[in-house]
Amino acid sequence: MSQSVRTRPEGSGQALSEAYDTALLDLDGVVYAGGNAIAYAVESLAAARSGGMHLAYVTNNALRTPDVVSAHLTALGIPTAASEVITSAQAVARLIADQVPQGSRVLVIGGEGLRVALRERGLEPVESADDDPAAVVQGYGGPELPWGRFAEACYAIARGVPWFASNTDLTIPSARGIAPGNGAAVQVVRIATGAEPQVAGKPLPPMHRETVLRTGAERPLVVGDRLDTDIEGAFNGGVDSLLVLTGVTDGPQLLAAPPQHRPTYVDADLRGMLTGQPEVTAESDGFRCGGWRAKAGAERLELDGDGEALDGLRALCAAAWTSAGEAVCELDGGKALARLGL
């Protein structure tokens, strides 16, 4: 699918919760952090839902089942049914079920989320390479996953069994900081076997397919905090996206984003779903948003004016992305971002 290169964040005269029928929300860094709700998340989601927007929660974490995730969200004050949670475990289970016979055994290197998702697709989870599996599936199994599980995967893959992975996120946030994610564990097996898995999770198409099939979304809006999973996943699916700045993405990363990592909209937090989005306009020598004007200089991005910091950031995005085109902007935006407090 050919897509035009985005050169600026878009504006919207409507509240995003009215312009789109379904919000496909990432969890960590968007709805909660360290298990606790992010500021404004609970009330913003309640307002979007009461206005008629359908909410679905899309996560690359294959460890927790939809029942567990929905119970967590409900306890935070966000009433959620298990059917409103879509995981990479579900996406990879469908990917496997499309390629092996019904009732096949699948060697599981991961947690309960994978086992539940496989059973939902009529597949039988097994624990050993000697159980004659038709496939190997690897997903995040928590920090206590024994090293011997990786050996079981290697034994089966060496025998020619096809290998699947729920996702390849190298890191995962925890209450104590950043920890190794499933992608780090996949790399262990990749090094030992020389094989490559089929991957289902964000930003790849199987996850988007799973989400649309389960939600029936016609005008979805992907809401996330990560450029390389949430925003790229929206790009790959050909749908619009909202980046919120409550998670891992910072100003310099956003300005340097290549085309597949450029969000449709940028806002501080989930309150951005409830409002329109300001337009960024092109002028003879730069871009204006609100009271700010940004342009690409010879060596750095330049910013003049005053007003809302986010408007300045949107104007800077337009200057950076237009200057870079299909590449990555290498102009220094540090001074401009510092002026915005970002």
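# Cavity, pockets and aromatic contacts

The largest cavity holds about 140 Å³ of space. The model is predicted. By the rule used here, one cavity of 30 Å³ or more is counted. The largest pocket takes in about 970 Å³, and the second largest pocket about 240 Å³. The protein has twelve helices and 19 strands. Its radius of gyration is 21 Å, close to the 20 Å that the globule rule gives for 342 residues, so the protein is as compact as a globular protein of that length.

- The largest cavity is lined by 15 residues, and Val58, Lys202, His208, Val222 and Gly233 are the closest to its centre.
- Two or more lining residues of the largest cavity come from each of β1, α8 (205-215), β13 (220-224) and α9.
- The cavity lining divides into nine nonpolar, three polar and three charged residues.
- Lys202, one of the residues closest to the cavity centre, is joined to Pro203 by a cis peptide bond, with omega at about 10 degrees.
- Pro203 sits in the loop between β12 (198-199) and α8. Helix α8 also gives two or more residues to the cavity lining.

**The largest pocket**

- A total of 47 residues line the largest pocket.
- Asp28, Asn61, Tyr140, Ile172 and Pro173 lie nearest the centre of this pocket.
- The elements giving two or more residues to its lining are β2 (32-33), α3 (66-75), α6 (147-158), β10 (171-174), β11 (177-180) and α7 (182-193).
- By class, the lining of the largest pocket has 21 nonpolar, 19 polar and seven charged residues.

**The second largest pocket**

- Here 13 residues form the lining, with Gln3, Ser4, Arg6, Phe235 and Pro259 nearest the centre.
- Helix α9 (227-237) and strand β14 (240-244) each give two or more residues to the lining of the second largest pocket.
- Helix α9 also gives two or more residues to the lining of the largest cavity.
- The lining of the second largest pocket has five nonpolar, five polar and three charged residues.

**Aromatic pairs**

- The structure holds two aromatic pairs.
- Tyr20 is buried, because its relative accessible area of 9% falls under the 20% cut-off.
- Tyr265 is buried too, with a relative accessible area of 4%.
- Trp147 and Phe150 form an edge-to-face pair, 5.3 Å centre to centre, with 85 degrees between the planes.
- Both Trp147 and Phe150 lie in helix α6, three residues apart, about one turn of the helix.

**Tyr40 and its charged neighbour**

- The charged end of Arg271 sits over the ring of Tyr40, 3.5 Å from the ring centre.
- Tyr40 has a positive phi of about 75 degrees although it is not a glycine.
- Tyr40 belongs to the loop between β3 (36-37) and α2 (41-50).
- At 36% relative accessibility, Tyr40 counts as partly exposed.

**Asp132**

- Asp132 also has a positive phi, about 55 degrees, although it is not a glycine.
- Asp132 lies in the loop between β7 (124-126) and β8 (135-138).
- Asp132 counts as exposed because its relative accessibility of 63% is over the 50% cut-off.

**Overall dimensions**

- The C-alpha trace spans about 70 × 45 × 40 Å along its principal axes.
- Of the 342 residues in the protein, 51% are buried.

Definitions and conventions. Residues numbered from 1 in each chain as written. Predicted model: local features only at pLDDT ≥ 70, side-chain atom pairs only at ≥ 80, totals over all residues. Heavy atoms only, no water. 1 Å grid on protein atoms, 1.4 Å probe; cavity = no way out; pocket = protein on both sides within 12 Å on 5 of 7 lines; lining within 4 Å. Points joined across faces, edges and corners; volume = space filled by probe spheres on them. Helix = DSSP H or I, 4+ residues; strand = E, 2+ residues; numbered from the N terminus. Nonpolar A, V, L, I, M, F, W, Y, C, P; charged D, E, K, R; others polar. Phe/Tyr/Trp six-rings, centres within 6.5 Å; stacked < 30°, edge-to-face > 60°. Buried < 20%, exposed > 50% of the residue type's maximum accessible area, 1.4 Å probe, protein only. Lys NZ or Arg CZ within 6 Å of the ring centre and 35° of its normal. Rg over C-alpha atoms; globule rule 2.2 N^0.38 Å.
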